Amino acid sequence: MSRIAEARVIATCPGRNFITLKVVTEDGLHGLGDATLNGREMAVFSYLNDHVIPTLIGRDAARIEDTWQYLYRGAYWRRGPVTMTAIGAVDTALWDLKAKAAGMPLYQLLGGRSRDGVLCYGHANGEDVAATVEEVGRYLKLGYKAVRAQCGVPGLPSTYGVSKDKMFYEPAGAAVPEENVWSSEKYLNSVPELFSALRKEYGFTPHLLHDVHHRLTPIEAGRLGKALEPYALFWMEDPTPAENQESFRLIRSHTTTPLAVGEIFNAIWDCKDLIENQLIDYIRCTVTHAGGITHLRQIAALAALHQVRTGCHGATDLSPVSMGAALHFDLSVPNFGIQEYMRHTPETDAVFPRAWRFDNGYLHPGEAPGHGVDINEALAAEHPYRPASLPVNRLEDGTLWHW
């Protein structure tokens with residue numbers, strides 16, 4: 001491989017905002033990395049342009065580990081979502097380049113296949129229990145073997161995960177954050193009813209998942225997990241904010257429902273105690289936000305020592321570039337669990353042509369050299385960036401809460 005001759009950041013909005021880093025070597029190869037940080041996209045755009053790209057020009061593109069250490073250790077103000085997303089974009093682009101130079105799909109450089117396909121789950125939601133039960137059935141007919149189920153909460157005007165467009169959910173909306181209303185009490189009383197109805201309708205063959213989205217206290221999460229035990233969930237996701245990793249010990253002491261967390265983690269230090277104390281069952285860090293493939297492999301290796309499996313975040317707040325890289329990681333890592341799969345819009349798919357595909361409940365990364373995802377820059381330019389923010393949440397008395 002040759003040295004890096006050029007690197008540029010591409011902002012585009014084919015239905016939602018994506019930030020993509022394109023790295024080009026002296027011999028004309030290019031690699032892509034996803035640098036999207038939902039609602040804070042331009043912070044990473046600036047970080048890459050102003051602070052990272054000037055240090056990349058002339059570097060040996062093959063020295064992936066050294067470049068990762070340079071960008072991490074060399075930044076005195078290290079870690080955090082902006083820095084680690086920028087590092088993740090560079091790292092993913094360099095792995096893409098290395099696999100292209102070798103003429104093989106990325107998973108081969110990561111040790112080859114550990115499985116034939118990547119089990120994934122889709123998102124089913126509805127305004128009420130009956131609507132969600134129907135929507136889960138639609139996903140099962142599409143071939144999914146695992147489905148995340150979210151439902152409207154009686155008495156609340158809106159609920160996380162419930163959308164008008166059942167296939168393409170995007171919570172980021174207005175430039176200034178919208179405000180939602182939340183009640184943990186009403187939510188806790190409604191969720192068990194949903195999963196009781198789902199198991200009654202579809203039995204225990206499909207895997208069912210649920211996202212709490214950080215909204216409960218540890219003891220409330222323990223109560224919910226215990227109430228959901230009869231319905232054998234694949235996992236209960238993000239039950240409480242995880243800044244205090246020790247809080248998961250209280251949840252663990254009250255329920256055997258499997259726990260998943262980590263989509264907003266940026267480094268191994270965010271989940272070190274959770275993994276080492278076996279307080280979770282699935283770690284959900286992403287290629288994009290956790291420093292790229294290089295660092296995600298370290299997290300997975302630590303998790304494997306403690307029988308914790310991966311379950312990478314894969315919502316549409318990450319571009320197809322991130323999904324492509326994640327699928328090669330998923331195919332190779334020994335302690336893979338499941339991959340989240342939210343379908344992108346046709347507009348997004350047109351901007352990001354890809355090799356990966358869905359078939360009968362599994363995703364397959366394809367055999368194209370690299371991670372198998374490219375960008376149509378001319379088409380991307382037809383979809384200019386537009387400011388969009390994630391909502392904020394308040395309790396019914398007006399107290400600001402976790403969204």
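E263 is buried, its relative accessible area being 11%, and in this predicted model its side chain forms a salt bridge with R284, the closest N and O atoms lying 2.7 Å apart. R284 lies in the loop between β10 (282-283) and α10 (292-305), whereas E263 belongs to the loop between β9 (259-261) and α9 (272-276), so the pair ties together parts that are 21 residues apart in sequence. R284 also counts as buried, because its relative accessibility of 0% falls under the 20% cut-off.

A second salt bridge joins R394 to E179, with 2.8 Å from N to O. Here the pair links distant parts of the chain, since R394 is in strand β15 (residues 392-395) and E179 is in strand β6 (residues 179-182), 215 residues apart. R394 is partly exposed at a relative accessible area of 30%, and E179 is likewise partly exposed, at 48%.

Within helix α5 (residues 129-141), E135 and R138 are 3 residues apart, which means that about one helical turn separates them. These two side chains form a salt bridge in which the closest N and O atoms are 2.6 Å apart. E135 counts as buried at 8% relative accessibility, while R138, at 33%, counts as partly exposed.

Side chains of opposite charge can pair when their charged atoms come close. Such contacts may also join into a group, as E6, R8, K22 and E377 are linked in a network of salt bridges. The count for the model comes to 21 salt bridges.

Technical notes
Residues numbered from 1 in each chain as written. Predicted model: local features only at pLDDT ≥ 70, side-chain atom pairs only at ≥ 80, totals over all residues. Heavy atoms only, no water. Salt bridge = Lys/Arg side-chain N within 4 Å of Asp/Glu carboxyl O. Helix = DSSP H or I, 4+ residues; strand = E, 2+ residues; numbered from the N terminus. Buried < 20%, exposed > 50% of the residue type's maximum accessible area, 1.4 Å probe, protein only.
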